[in-house]
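Welcome! Here is a short briefing to read alongside the structure, grouped by topic.

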Amino acid sequence: MSKINRRRLLWGAAAVTTSATGAGIALNAAADQAPVPDPTIMASSTPPATPRLGTLPCITADAHQLKAAVGTGITGVNGAKWYDDALGMWDPERDLVLPDVVAKTKRAGLGLFRYPGGTSANLFHWKRAVGPQSERGNQVSGLEEAGPVDNRFGPDEWMPFLRQIGAELTIMAPFASTDPQDIADWVQYMNGPRGTEFGDLRARHGHPEPYGVRYWEIGNEHYVGKERYWMSPDTQTALGQYAFGGTQRQKGQRVGTRDDHRPSAGVSRGKARQHFTVHYPPVVPGSQIVRVDGVPWTAVNDLSSARTANVYTFAPKTGTICFGDGRNGAIPRTGAVITCDYDSGPHAGFVDYYRAMKAVDPTIQVIATWAPVSRGRPAPGKTFPQIMAEHGCGDQYDGLAVHPYTSITRDLGIKKFPNRIAGHHAQMIGDKASRDAVAALQAEVRKHGKPSAYVVVSESGALFFGDDHDGSAYREWAYAMSHALYQGSQWCHFLNLGLPWAVANDMISTTHGVSRSLLGGPPKFVFSADATVREQLKSLLRGGGHVIAAGVTDNVEVVTDLKTPIGSTYRALVTTATLDRTGCLTVVVVNRSPNAAIKAEVSLRGFKPSGAVGVSVVSGAEYDSFNDADHPDDVTIRRSTTTIRTPTLTRTFDAHSVTVLRFAA
């Protein structure tokens, strides 16, 4: 093999530079021989940042090497906030999703939604979310504030919307607050025909035909400490509890009510016959110690003869505590804090959910969610596939869902962006770790699971975790073109890895702007840069067919000033390719370089193009361009057509862009 010479191109010398770019950032390009341009392809209007000597990067797509079927749900989103009218997208007066949201979601071409979401839905009870609105009551938010949230946007409101836009649903079935029978009932409600108990209930609610929901995730991120709920603080113990169930002691826990777990809900109002509940029933009978202002009270079977004693009754199945009225049992004083020690359980594990749900509908896919990852690999300790195999249950899960977030703090060790360009580079560096984590879990599933088991992504994106960070140098980093490039890279990786679907970011932003979401908050619902790339990929994903072997040789390496545990460089070009059901070949090229256009060859193997080439390019004027209410079209799709007569072409790919080339057969 000949020695490869490398040429270093410094930002600020060869490339366009501003004071925000940061010193010492460079491009490295592999070089061997001078390129031979193909005059039949229309070149980009943006010239390369510098002249290039030697071998060009070569993007190959081999139609002879068919890989997995195209996952039509690769650009899915998380419907993470069903309450507050799904952050304004639901109109309760007219009983519909706002037409503007429907139109923009159709435009984005989304193939999959996740309901009712992630952390916020960990304590969700589906039976409170169906039926007449006036009878639904509230849910407990799974977020740290654990307060009551409304139920207006339930499954029966969500499903007509999905049918309008032609998308599929994955349901996150809560684990911490439910039992297998309850979730099996939900499967029957969504999929059961008339003549079944819950199929008939759905029909009475005005929806006679089954919804046919295929994908069901069990729980969400219970490996995260704040999302353990009843489970052990020890990670490996909690993994066993997730897989096989168990009992766990709760100590000094404030009590609450059915739909409110905030500390204030565990304080006496000084009224007669107060009812409280422990957070995580059922409770092992006799294991509870109820304290009022730190003093234990006594459990009795009946308050009617208790007079003014400090007593209560307790229902282990529901965890309900009842105090007296001052004549039959004492009333805790106003402001008294009520706590309970108890053994929460016995709880069922994933295997019990799997069996109960499959008994109702054998066609569904029941997906486990215990998949902690960090810096491109599974977290230390045994994995879910490993522990299931050790217990002879390796065939009792259909898939494993991972959340391969790029955590700027955890993965890169960065708490503050020194400048704008750092916010761009951090996402690109972190992208590879996310991809590697998914691939590592696929290897675990292949090693320990059944042959048909697979990996999906049910949350993803780039973000800071926790409150101790500062992204103010690049406030728009999570919704500018930088983030769209990160997401475009992710979608290429997920297609290449053969994932059937993947979820990234939320449906609606919590603010009037756009932040890690498909659309901005009400009333404008801005179509984000992220949404624009999804729209660009729509025809590829809806075209079906197969992913084909694709890659980049002699890629351009972007060298940055960032020093992180996972590296300081990243490859500028990311690609994927598909051969659709009509025989058309599509190549996606993401140029993640913030300022440099890159000239590259595109080589089609096993495919003879007919001449017509459709070209679409998503980019803004700069890498930090973004769409907002005042400038909704700063990031757009530019479309054109050209012709080609040979299977090899040369093209210049704009800086900070996603390009899709569609070759007719």
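A residue counts as buried under 20% relative accessible area, as exposed over 50%, and as partly exposed in between (1.4 Å probe, protein chains only). The model is predicted, so local features need pLDDT of at least 70 and side-chain atom pairs count only at pLDDT 80 or more, while totals for chains, interfaces and linings use all residues. Residues are numbered from 1 along each chain as its sequence is written, and side-chain values use heavy atoms, with hydrogens and water left out.

**Backbone points of interest**

- Arginine 307 is exposed, with a relative accessible area of 66%.
- Although arginine 307 is not a glycine, its phi is positive, at about 55 degrees.
- You will find arginine 307 in the loop between strand 16 (298–299) and strand 17 (311–315); strands (E, at least two residues) and helices (H or I, at least four) are DSSP runs numbered from the N terminus.
- Aspartate 554 is not a glycine either, and has a positive phi of about 55 degrees.
- The loop between strand 29 (546–553) and strand 30 (556–559) holds aspartate 554, which counts as partly exposed at 28% relative accessibility.

**Cis peptide bonds**

- Proline 281 and proline 282 are joined by a cis peptide bond with omega of about 5 degrees.
- Proline 282 sits in the loop between strand 13 (275–277) and strand 14 (289–292).
- Another cis peptide bond runs from glycine 345 to proline 346, with omega near 0 degrees.
- Proline 346 belongs to strand 19 (residues 338–347).

**Nonpolar cores**

- A nonpolar core is a set of buried Ala, Val, Leu, Ile, Met, Phe, Trp, Tyr and Cys residues joined through side-chain atoms within 4.5 Å.
- The largest such core has 180 residues, and Phe113 and Phe384 have the most contacts inside it.
- Helix 9 (residues 420–448) gives this core its largest share, ten residues.
- A second, separate core has eight residues, including Leu112, Ile367, Val456 and Trp501.
- Leaving out residues up to four places away in sequence, phenylalanine 113 touches several residues, among them Val77, Trp158, Phe161 and Met507; contact means heavy atoms within 4.5 Å.

**Helix 7 and its surroundings**

- Helix 7 (residues 350–360) has Phe350, Val351, Tyr353, Tyr354, Met357 and Lys358 buried.
- Seen down the helix axis, the buried residues of helix 7 fall within an arc of 155 degrees, so they line one face of the helix; the arc is that of the directions from the axis to the C-beta atoms.
- These buried residues pack against helix 4 (180–191), strand 11 (215–218), helix 6 (235–244), strand 20 (365–368) and helix 8 (384–390).
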